[in-house]
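Here is a short tour of a protein model, written for someone who likes to follow along on screen. Keep the viewer open and click on the residues as they come up.

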Amino acid sequence: MSDGFDRAPEQTRPLRAPPSSQDNIPRQNSESAMAKPQVVVAPVLMSKLSVNAPEFYPSSYSNYTESYEDGCEDYPTLSEYVQDFLNHLTEQPGSFETEIEQFAETLNGWVTTDDALQELVELIYQQATSIPNFSYMGARLCNYLSHHLTISPQSGNFRQLLLQRCRTEYEVKDQAAKGDEVTRKRFHAFVLFLGELYLNLEIKGTNGQVTRADILQVGLRELLNALFCNPMDDNLICAVKLLKLTGSVLEDAWKEKGKTDMEEIIQRIENVVLDANCSRDVKQMLLKLVELRSSNWGRVHVTSTYREATPENDPNYFMNEPTFYTSDGVPFTAADPDYQEKYQELLEREDFFPDYEENGTDLSGSGDPYLDDIDDEMDPEIEEAYEKFCLESERKRKQ
């Protein structure tokens, strides 16, 4: 088999023989005086590349591409075909957009029975709950297949069978949350996958509107209860991850229904921090989560104009404020409660940059002819800018 390059015959130009040792002996006749030195011509190699060479692909890429483009013909079973595609998505998640349509079309020609559909659901579920980085991609894959797989047997379509599979794991949540380390780890993977499903699984209504599965919303609430009822470190870490992932969406959905579930969860977290025997690091994670929720889950609503912004309605109001330092080197900004007192102290200082000596060297520049020539007064332009800055800071302080 060719290595991707067609070799063309080599062609060289003949070399002229170098002068012999006798040529180096000077001759005493006129003929030697007129002789020119011999020149050695370097060989010129012709290119071995050819425009007719076959297109080159890395071996791993071409092997997968050939088998994939041929559909499922090179795979003896549905399981091998689906597992190969899932592994491919795990390694190259960016290929989802370009290859998912062909994958779904192939499945529509192969998955024609209840058993085949059940097998497909189980393969995707296992991949999504056993490979940590595949939970998001698995949820996207489930959403796409739920809308593009044509088979809909009496046992249920793809989405219904998927939710039934998740319910099987959900029903043992209390036992799993208090099980051994391996059981809890598998349970946590399921919890995070269910969170991704809640965010990515779209359900189209009769009027064309797209909604989320309410059953998953209820399930996530109960899963959080199970995690907090067994406040081991790994359970609490899983709860933090789930709330970071879905907290803002869950709270919005609950508020629309007039529910206060998120308030109850936050209260539960505060009780865990006070009473549970969890590690210091986990307590810090829980407190950071409470702080994140108090900032509306990190979502910032931009005010219409700058003039309307106030510390009460704009969380970014103090973002661009300058940072000052007290005499002890403690930083403070206009957002600090005792800003006015600290700022007044700053203004009353007589000397912001006192001279000092380090290793016997006077850093004020005393005795240095170059530094002695430097004028201590500010440049007029800089002084004007500084005065404007002080006035602006004072105006904001009085507001």
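**Ground rules**

This is a predicted model, in which local features need pLDDT of at least 70, side-chain atom pairs count only at pLDDT 80 or more, and totals for chains, interfaces and linings use all residues. Residues are numbered from 1 along each chain as its sequence is written, and side-chain values use heavy atoms, with hydrogens and water left out.

**The chain as a whole**

The protein chain holds 16 helices and six strands; these are DSSP runs numbered from the N terminus, with helices (H or I) of at least four residues and strands (E) of at least two. Of its 399 residues, 33% count as buried (under 20% relative accessible area, with exposed over 50% and partly exposed in between, using a 1.4 Å probe and protein chains only). The accessible surface comes to about 26,800 Å², and carbon and sulfur atoms account for 50% of that; the areas come from the Shrake-Rupley method with a 1.4 Å probe, and for residues only the protein chains shown count as cover. Among contacts (heavy atoms within 4.5 Å) between residues at least 6 apart in sequence, 63% join residues at least 24 apart.

**How helices pack**

Two packed helices are described by the angle between their axes and the distance between the axes. Here the axes are lines fitted to C-alpha atoms, for helices over the stretch in contact, and angles run from 0 to 180 degrees between N-to-C directions.

| Helix pair | Axis angle | Axis distance |
|---|---|---|
| H4 (residues 96-110) and H6 (residues 135-148) | roughly 45° | within 11 Å |
| H11 (residues 233-256) and H13 | roughly 10° | within 10 Å |
| H10 (residues 214-229) and H11 | about 145° | 10 Å |

Take H4 and H6, whose axes cross at roughly 45°. That angle makes H4 oblique to H6 (under 35 degrees counts as roughly parallel, over 145 as roughly antiparallel, 65 to 115 as roughly perpendicular and the rest as oblique). The contact residues comprise nine nonpolar, two polar and three charged (Ala, Val, Leu, Ile, Met, Phe, Trp, Tyr, Cys and Pro are nonpolar; Asp, Glu, Lys and Arg are charged; the others, Gly among them, are polar).

H11 and H13 cross at roughly 10°, which makes H11 roughly parallel to H13. Leu236, Ile237 and Val240 are among the H11 residues that take part, facing H13 residues including Met285 and Leu289.

H10 passes H11 in a left-handed crossing. Leu220 and Leu224 are among the H10 residues involved, and Leu236, Leu243 and Trp254 are among those of H11. Here the residues divide into 12 nonpolar, two polar and one charged.

Asn296 is in the loop between H13 (280-294) and strand E3 (324-325), and Trp297 lies in the loop between H13 and E3. Phi of Asn296 is near 60°, a positive value in a residue other than glycine, and Trp297 has a positive phi of about 60°. Asn296 is partly exposed at 26% relative accessible area, whereas Trp297 is buried at 10%.

Thr112, in the loop between H4 and H5 (114-130), is exposed, with a relative accessible area of 55%. Its C-alpha atom is 6.4 Å from that of Ile151, 39 residues apart along the chain.

Key:
A crossing is left-handed if the near helix is turned anticlockwise from the far one by less than a right angle, and right-handed if clockwise.
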